[in-house]
Amino acid sequence: MGRHEPSRTAGPSFILLSTHHGRLGHFQIHGQTPRKVAPGTGFFAIVPSRHRYYLPEESPGWTFAWIGIYHPYLLARVTKQVAATGALVELQPDGALTASTLRLVRGAIKKNFRDRFEVEAALFDFLFAYERCAHQARDSSEEGQRLLEDVRSRIITSLPNAVGVEKLAAEYGMTRSHFSHYFRSRTGLTPAHFATEVRIHEAARMLIDSRMPLKQVALASGFANASHFSKIFRLFQHLSPASYRRAIG
């Protein structure tokens with residue numbers, strides 16, 4: 001699909017496509033894993049290029065809107081930005097990128113741009129909104145990665161004691177509720193889930209690297225008893241600790 005241009009007479013371009021109404025599509029660049037394009041998410045596709053967007057079997061439908069832009073300078077800038085930060089972008093309902101996109105769509109449909117200078121200004125507003133959005137997303141991602149590394153280190157160095165969310169929150173000078181929201185907004189995970197995941201990974205390492213009894217592994221990774229440890233381990237690894245040790249060790 002991505003090899004073909006939206007217009008037979010147009011030259012190289014890029015498309016911003018956004019998903020609406022709770023449906024789900026997939027976007028894939030050749031040689032890469034398909035990415036889910038959920039509501040509130042869009043993607044930039046460079047045309048022509050080896051990409052495709054399609055409806056997966058499990059999705060009941062896909063409602064989307066798109067806009068194609070043929071401006072050579074904008075194409076070069078967007079291509080560079082996509083290469084740096086990826087094709088997918090969040091489209092917040094009240095965000096600047098959404099507003100600038102709608103301005104272009106309305107202007108094209110209603111033909112209410114006064115002249116080519118107003119069109120040019122709207123196109124550059126769109127470009128700047130996209131680049132700002134992409135840089136903010138990158139900065140948030142980098143902050144989230146640092147946060148995960150810091151919390152992971154804190155959890156591991158505290159073993160065999162389990163660090164609760166309240167204690168983590170206090171170390172960041174926040175309430176539990178504020179810290180949970182802060183952590184999830186930057187990592188996509190709850191701090192409690194991540195803390196348990198870290199301890200399970202440490203337990204898995206102990207199962208492979210040592211011959212410690214399961215009860216000792218449970219205590220060393222911050223669990224109160226072997227029974228609870230086995231239950232949680234199975235949830236994360238889809239195997240019992242003993243089966244995991246036999247399969248991996």
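**Salt bridges**

I started with aspartate 209, which forms a salt bridge with arginine 205, the closest N and O atoms being 3.9 Å apart. The model is predicted, and I kept that in mind for each entry. I noted that aspartate 209 and arginine 205 are four residues apart in helix H6 (residues 191-209), so about one helical turn separates them. I looked up the accessibility of both partners: aspartate 209 counts as exposed at 56%, while arginine 205 is partly exposed at 40%. I also found a network of salt bridges with shared partners, joining Arg103, Arg114 and Glu118.

I then took the total, which is eight salt bridges. One of them joins the side chains of glutamate 131 and arginine 77, at 2.8 Å from N to O. This pair links distant parts of the chain, with glutamate 131 in helix H3 and arginine 77 in helix H1 (residues 72-85), 54 residues apart. Because buried means under 20% relative accessible area, glutamate 131 counts as buried at 15%, and arginine 77 counts as partly exposed at 24%.

I checked arginine 176 and glutamate 166 next, and their side chains meet in a salt bridge of 2.6 Å, N to O. Arginine 176 lies in helix H5 (residues 176-187) and glutamate 166 in helix H4 (residues 165-171), ten residues apart. Arginine 176 is partly exposed at 41% relative accessibility, and glutamate 166 is partly exposed at 47%.

**Aromatic rings**

I counted 15 aromatic pairs. For phenylalanine 44 and phenylalanine 126 I read ring centres 6.2 Å apart and planes at 55°, so the pair is tilted. Phenylalanine 44 is in strand E4 (residues 41-47) and phenylalanine 126 in helix H3 (residues 116-158), 82 residues apart. Phenylalanine 44 is buried, at 1% relative accessibility, and phenylalanine 126 is buried at 0%. I also listed one aromatic cluster, formed by Tyr172, Phe179, Tyr182, Phe183 and Phe194.

I looked for charges over rings. The charged end of arginine 52 sits over the ring of tyrosine 54, 4.1 Å from its centre. Arginine 199 lies over the face of phenylalanine 223, 4.3 Å from the ring centre.

**Helix H2**

What span should helix H2 (residues 96-110) have at 1.5 Å a residue? I get 21 Å for its 15 residues, and the end C-alpha atoms are 21 Å apart, which agrees. I listed the buried residues of H2 as Leu97, Thr98, Ser100, Thr101, Leu104 and Gly107. After H2 comes lysine 111, with a positive phi near 50°.

Methods. Residues numbered from 1 in each chain as written. Predicted model: local features only at pLDDT ≥ 70, side-chain atom pairs only at ≥ 80, totals over all residues. Heavy atoms only, no water. Phe/Tyr/Trp six-rings, centres within 6.5 Å; stacked < 30°, edge-to-face > 60°. Helix = DSSP H or I, 4+ residues; strand = E, 2+ residues; numbered from the N terminus. Buried < 20%, exposed > 50% of the residue type's maximum accessible area, 1.4 Å probe, protein only. Lys NZ or Arg CZ within 6 Å of the ring centre and 35° of its normal. Expected span 1.5 Å × (residues − 1). Salt bridge = Lys/Arg side-chain N within 4 Å of Asp/Glu carboxyl O.
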